[in-house]
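Let's take a friendly walk through this model together. Have your viewer ready and follow along section by section.

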Amino acid sequence: MNAGLPAEEYRKLRDSVLATIWDELDPLEHQIEDTETIPYDIVMPALRSCGAFGLIVPQEYGGAGLSMAQYLPILAEFAKIQGGIRAIVHVHNSFAHALSEIGNDAQKKEILPGAATGEKSLAFALTEPGNGTGADLSTTARREGDEYVLNGRKWLITNSDIASHFLVFAKTSDKDVSALIVPRDTPGFSIAPLPETMGCKGAEHGELTFEDVRVPVSALVGAEGEGGAHLERALEISRVFIAASSLGTASRALELSLNYAQERVTFGKPIAQRQAIQRYLAEMAADVYALRGMLADAASKWDSGKRIPAESSLVKQFGLEAVGRVTDRALLVHGGIGYTRKYPIERLYRDARLNWLEEGTPTIQYMVAARELLGGYTFEDAFTVAS
Ligand SMILES: Cc1cc2nc3c(=O)[nH]c(=O)nc-3n(C[C@H](O)[C@H](O)[C@H](O)COP(=O)(O)OP(=O)(O)OC[C@H]3O[C@@H](n4cnc5c(N)ncnc54)[C@H](O)[C@@H]3O)c2cc1C
């Protein structure tokens, strides 16, 4: 059970992060979109000083230890502004949270206090150029005495330009996947940039190469061969984080559309008075409302210690479909000017498309959810009738 921070302390922290988001980070949008570069000299101190990197690090390691019900609305707020910043915050917090659940005491003591302040920066390395996602990996970690020797390649790894530590998934036998922590400066480990992305600009998602990279056995997270189970556990909550990002982007697109519809006059009337536009707005609001409800349910179950394997895939899938519909309609409400950079609609539209990919594509979400349901998984929520 995680109740998070007491209400008053939470309000103070949340207000401080929100002030940073809107007063210090949002004004950087055009600079980042123009240069496709994040000004780290401004962004990192701002994120560090408001505590954004320690939001879900447990308090014993210097973090705020927020519950998911407290964290998700803050993450959603990040998804309203420039998406590259949201990607940095999401990946860092996701890894820090995963490590707090699956790391041993020594690993947590070594990494989490620095992660909570943002002095250490984290990345999650699963995806490979020549293989599928999950167990289909060709990166290997061969045990030699008291070391593992890593060989292989990863790509599309967010925070590859700034991370001090990478959680790397590799095969430790033909069948087994294990998770290892690899520091950035380890000999044989090289990192190269990939071409710029469609949205969430400025964040770096690079290519990692491991050539006989040696790490001590103490870099192994959990036991050898437990990587698959760790991955499932990490993705279970991380998919909910992506759904919260979808909610933030969709909510901002709706807010902007409500404003614009009341300002824009055609044939002598604001377009908000036309039934056709009202329908778009109502449909957008229905998606936002439904997604909020699903997220609240998933967060409260997670905070009470329940596993949410089906809910996490379903909310991630619904979230990406919802934000897809909402950003489509927001573009229609804004007409031609929405296609320009006068309003953030075109950026929100592009940024949202990353939600299809992060933490697994739709085909993976369908597969995971169907597997759970066919295996007898049933929902327990406000509609469950007591037997
Ligand atoms: C900007 C960005 C940031 C990212 N950050 C990270 C990160 O930090 N760490 C990380 O590890 N990864 C990261 N990724 C990678 C992301 O998680 C993957 O791109 C995504 O999971 C899809 O994997 P893939 O690219 O290998 O696609 P592929 O596996 O090549 O899939 C291509 C298509 O085939 C479908 N498909 C593939 N296999 C099957 C199957 N067995 N059955 C049915 N359909 C299938 C997929 O659904 C998809 O539609 C990032 C990606 C992007 C674009």
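What follows is a short report on domains, cores, a helix, a loop residue and a hairpin.

## Ground rules

This is a predicted model, in which local features need pLDDT of at least 70, side-chain atom pairs count only at pLDDT 80 or more, and totals for chains, interfaces and linings use all residues. Residues are numbered from 1 along each chain as its sequence is written, and side-chain values use heavy atoms, with hydrogens and water left out.

## Domains and annotations

The protein splits into domain 1 (7-120), domain 2 (124-223) and domain 3 (228-374), with bounds that come from an automatic or database domain assignment. UniProt, in an unreviewed entry, places "domain: Acyl-CoA oxidase/dehydrogenase middle" at residues 123-213. The record also lists "domain: Acyl-CoA dehydrogenase/oxidase C-terminal" at residues 227-373, again from an unreviewed entry. UniProt positions are given in the numbering used here, feature names are shortened, and annotations may be inferred rather than shown by experiment.

In the model, residues 123-213 are 0% helix and 52% strand, and the end C-alpha atoms of this span lie 17 Å apart. Residues 227-373 are 76% helix and 3% strand, with 24 Å between the end C-alpha atoms. Helices (H or I, at least four residues) and strands (E, at least two) are DSSP runs, numbered from the N terminus.

## Where domain 1 meets domain 2

The C-alpha centres of domain 1 and domain 2 are 23 Å apart. Their contact (heavy atoms within 4.5 Å) takes 23 residues from domain 1 and 20 residues from domain 2. About 1700 Å² is buried between the two, and carbon and sulfur atoms give 66% of that area; buried area here is the accessible area (1.4 Å probe) that two parts lose on being put together, summed over both. On the domain 1 side, Glu36, Phe95 and Gln107 lose the most area to domain 2, together 32% of what that side buries.

## Nonpolar cores

A nonpolar core is a set of buried Ala, Val, Leu, Ile, Met, Phe, Trp, Tyr and Cys residues joined through side-chain atoms within 4.5 Å. Buried means under 20% relative accessible area, exposed over 50%, and partly exposed in between (1.4 Å probe, protein chains only). The largest core has 65 residues, and Leu25, Leu47, Leu66, Tyr71, Phe78 and Leu295 have the most contacts inside it. H7 gives the most to this core, with 12 residues. Because domain 1 (7-120) and domain 3 (228-374) both give residues to it, this core lies between them.

Leucine 66 touches, among others, Asn2, Leu5, Tyr10, Ile56 and Ile74, not counting residues up to four places away in sequence. A second, separate core has 21 residues, including Tyr61, Ala115, Leu126 and Leu231.

## An enclosed helix and a buried loop residue

Leucine 28 sits in the loop between H1 and H2 and counts as buried, at 8% relative accessibility. Leaving aside neighbours within four places in sequence, leucine 28 is in contact with Pro39, Ile42 and Val43.

## A strand hairpin

Strand S2 (residues 140-144) and strand S3 (residues 147-158) run antiparallel and are joined by 5 bridges; two strands pair if DSSP finds at least two bridges between them. Threonine 140 stands opposite asparagine 151 in S3. S2 and S3 form a hairpin with 2 residues between them, and glycine 145 in the turn has a positive phi of about 60°.
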